[in-house]
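Please look through the sequence and the model shown here, and then follow the paragraphs below, which go from one part of the structure to the next.

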2 protein chains.
Amino acid sequence: MGKRKTIVMKFGGTSVGTIERIRVVAQRVKVEVERGHRVAVVVSAMSGVTNRMVGYCAELDTLADPREYDAVVASGEQVTSGLVAIALQKIGVPARSFQGWQIPLRTDDAHGKASIESVDGAALERSLLGDVVPVIAGFQGIGPDQRIATLGRGGSDTSAVAVAAAIKADRCDIYTDVDGIYTTDPRIVQRAKRLDRITYEEMLELASVGAKVLQTRSVGLAMRENVRVRVLSSFAETDDESGSLVVNEDELVEKELVAGIAYSRDEAKISVRRIPDRPGIAAAIFGPLAAANINVDMIVQSVGADSLNNMTFTVGLTDVEAACAVLDRERGDIEWGEIQTSRNVTKISVVGVGMRSNAGLAAVMFRTLAERGINVQVISTSEIKISVLIDAEYTELAVRALHTAYGLDKIEEPNT
Amino acid sequence: MGKRKTIVMKFGGTSVGTIERIRVVAQRVKVEVERGHRVAVVVSAMSGVTNRMVGYCAELDTLADPREYDAVVASGEQVTSGLVAIALQKIGVPARSFQGWQIPLRTDDAHGKASIESVDGAALERSLLGDVVPVIAGFQGIGPDQRIATLGRGGSDTSAVAVAAAIKADRCDIYTDVDGIYTTDPRIVQRAKRLDRITYEEMLELASVGAKVLQTRSVGLAMRENVRVRVLSSFAETDDESGSLVVNEDELVEKELVAGIAYSRDEAKISVRRIPDRPGIAAAIFGPLAAANINVDMIVQSVGADSLNNMTFTVGLTDVEAACAVLDRERGDIEWGEIQTSRNVTKISVVGVGMRSNAGLAAVMFRTLAERGINVQVISTSEIKISVLIDAEYTELAVRALHTAYGLDKIEEPNT
């Protein structure tokens with residue numbers, strides 16, 4: 001018999017949404033325990049509970065004290081941790097719940113959206129050594145003020161990765177309502193493939209452009225702490241090969257040039273037109289936007305027929321009005337002639353570690369889109385990603401065409 | 001200006017049952033703060049929440065691990081404490097929530113029905129000195145295993161009294177759905193009077209015979225720690241004179257001979273007939289019952305016509321079958337001839353510290369009942385209580401007659 005593996009199993013809100021589902025979760029944990037693994041479990045609140053708690057707080061005060069908000073909202077995970085422990089004990093698996101403060105999982109003092117500062121693995125490891133499954137309330141820790149702090153939405157993924165790092169787990173399994181990470185959205189491309197493996201960097205780029213399977217922060221933490229993360233379905237039978245594994249680049253078996261095609265409809269385009277061509281003009285525009293906490297993504301500068309400049313960039317859909325207000329206020333300084341906005345845009349991104357070494361991959365994108373008559377409005381690139389902004393009408397067409405062009409289409413199994 | 005008073009205000013589940021009710025609670029606390037008092041608040045779970053949590057646990061395992069049960073169930077008070085703190089802040093009253101483990105309120109390890117071992121008043125007093133209202137999650141503490149422990153049903157009253165003792169509060173106000181303690185059940189006797197003051201001992205006797213306004217344990221603790229407890233309505237306007245004050249006997253202004261008439265329909269009578277008259281027969285009967293954890297209350301021994309003895313006693317309604325099973329098993333030892341049981345009985349109790357010095361008070365009871373043709377089946381007495389067991393049919397008649405006989409009827413205000 002080989003060395004026993006230590007794995008973390010994380011279950012989200014829908015996976016523990018009812019008592020019946022909690023029983024199913026307990027059975028899944030039992031299976032892993034019976035395979036000889038040491039298992040730690042991380043749970044979210046039962047689906048709907050967090051929203052109810054947030055609603056209570058907002059009903060009393062939309063600007064509720066975040067420390068009190070945290071005490072209220074963290075109760076959801078507390079309940080699930082106890083219930084899952086009971087369900088495990090009932091089927092003969094020794095288990096006990098751990099609240100954030102009992103581990104302790106320490107956070108900074110940014111209540112309501114705290115970051116994890118440290119996870120003490122000692123108590124969890126004692127539990128694992130005694131073959132008692134620790135069932136950890138996700139999404140929560142204890143702040144420097146010794147009060148309950150929550151990590152913000154999606155924080156349970158981050159809890160799971162942080163716990164996995166603390167107990168040096170061989171793997172962190174994230175059970176969700178999808179069965180893995182796909183080359184693109186299967187609702188748009190029927191022949192989208194599930195990826196067996198994907199790198200942290202690719203996952204980060206995919207998450208940041210709308211493929212929200214894992215919370216971005218959790219992927220970043222996994223990369224830094226070198227935690228192997230697996231995404232798999234909590235609604236289907238699974239084994240050691242199920243789902244998608246997020247790993248270091250050197251763990252990729254076959255290095256695909258492109259991992260996937262992502263899209264995001266959450267952005268809007270703003271064009272600041274007829275601005276003088278002088279040094280410091282970009283700072284005059286983007287400095288005040290940054291100061292107003294408005295995130296600017298893609299940027300392109302162009303010269304018009306009148307030899308005045310245009311600056312075009314994207315912001316989040318919800319930030320358009322705030323951005324225009326900032327630009328109005330700064331008009332004296334920027335001396336712009338006109339502002340145009342468009343909400344009717346989609347950002348399409350091709351992501352893959354192969355981009356680093358293969359310059360021709362960008363050309364494939366532009367050629368493919370041009371062949372379909374799709375106009376590229378803005379372009380931005382990172383080391384492993386090319387993104388273009390196009391008219392939203394062409395979203396599905398563009399995603400399908402690119403998926404095929406990069407050779408990502410699933411090969412149909414012949415009927416037998 | 002006199003010295004500032006410190007008061008504890010405790011609100012039960014119906015008082016904090018909705019967000020709207022929580023706002024009302026916050027207003028009440030604000031009134032006391034504006035009177036110049038230092039206020040600590042103790043809260044129960046929103047009504048219905050504890051039952052839902054208990055239901056979840058039972059659905060998974062009727063014998064759920066009490067440590068996990070506690071983690072689940074204690075979440076209800078956690079939520080209320082945060083919400084009440086938010087509601088207070090919203091109306092300009094600085095406040096913060098305290099969970100049991102944050103105080104810390106330490107308990108023994110009897111999870112699910114723990115007893116309070118100590119309350120550290122330091123953190124609460126710091127909060128009070130800074131004029132920040134501590135809002136304490138009732139019903140919970142932290143056990144010697146550093147895990148959440150609940151005090152059992154009604155435990156929030158006990159939390160409030162223990163907190164009041166720890167911070168040396170001048171008074172512990174228990175807000176409930178009644179406006180005080182009455183001379184008897186107002187549903188039976190319209191002319192029942194609210195008592196301005198009652199002694200701890202009287203309150204204990206009344207609580208133990210069915211007038212369940214305060215949890216017995218909380219009254220016992222208040223007596224030991226000399227905490228002045230006030231019971232008042234959370235649904236009516238109140239001032240410093242509202243409700244009923246539970247105090248030491250020497251604080252009674254006018255010592256009424258009798259404080260009230262209580263009744264209990266929760267008992268059953270068991271007669272063990274035709275038992276030999278020999279030493280040790282009582283031990284042979286009551287020893288095995290005690291060993292089976294069956295609580296025996298009133299006891300009377302009588303001699304029948306056949307010069308054999310009869311032993312008659314009462315047990316809780318739910319214990320009748322278990323008690324008969326024990327007696328069957330011990331028949332060889334007890335040598336009884338017959339067992340009769342009756343569930344159709346009521347225990348009526350007259351309670352008052354005046355009993356100590358006034359032997360004639362018992363005679364009033366027997367005469368009053370005899371005049372109405374009510375047969376007394378069993379009698380028991382304590383220092384400040386006389387109880388009789390009667391046919392349940394006569395309950396209302398007996399309570400009304402005794403209420404009048406002891407001069408407890410409210411004098412009607414003349415119409416003006």
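**Helices on a sheet, a helix pair and two copies**

Helix α10 (residues 320–329) of chain A lies across β14, β16 and β17 of chain A and runs at about 15° to β14(A). Contact here means heavy atoms within 4.5 Å, while helices (H or I, at least four residues) and strands (E, at least two) are DSSP runs numbered from the N terminus. Axes are lines fitted to C-alpha atoms, for helices over the stretch in contact, and angles run from 0 to 180 degrees between N-to-C directions. This is a predicted model, in which local features need pLDDT of at least 70 and side-chain atom pairs count only at pLDDT 80 or more, whereas totals for chains, interfaces and linings use all residues. Residues are numbered from 1 along each chain as its sequence is written, chains are lettered from A and ligands numbered from 1 in the order in which they are written, and side-chain values use heavy atoms, with hydrogens and water left out.

The strands under discussion belong to an open sheet of four strands in chain A, with the order β15-β16-β14-β17 and antiparallel pairing, where two strands pair if DSSP finds at least two bridges between them. At the edges stand β15 (296–303) and β17 (338–342) of chain A, each with a single partner strand, so one side of each has no neighbour in the sheet. Direction ignored, neighbouring strands of this sheet are turned by 15° against each other on average. Strand β14 (residues 267–275) of chain A is joined to the antiparallel β17(A) by five bridges, and Arg273(A) has Glu338(A) as its bridge partner in β17(A). Another helix, α9 (residues 281–291) of chain A, lies across β14, β15 and β16 (309–316) of chain A, running at about 20° to β16(A).

Elsewhere in chain A, the axes of helix α1 (residues 19–34) and helix α4 (residues 75–90) come within 9 Å and cross at roughly 60°. In α1(A), Ile19(A), Ile22(A), Val25(A), Ala26(A) and Val29(A) meet Leu83(A), Val84(A), Ala87(A) and Leu88(A) of α4(A).

Finally, chain A is superposed on chain B by a rotation of 180° with 0.0 Å of shift along its axis (RMSD 0.1 Å), the superposition being by least squares on the C-alpha atoms of residues with pLDDT of at least 70 in both copies. That is the relation of a two-fold axis. Of the residues of chain A, Ser75(A) comes closest to the rotation axis, at 2.7 Å (C-alpha).
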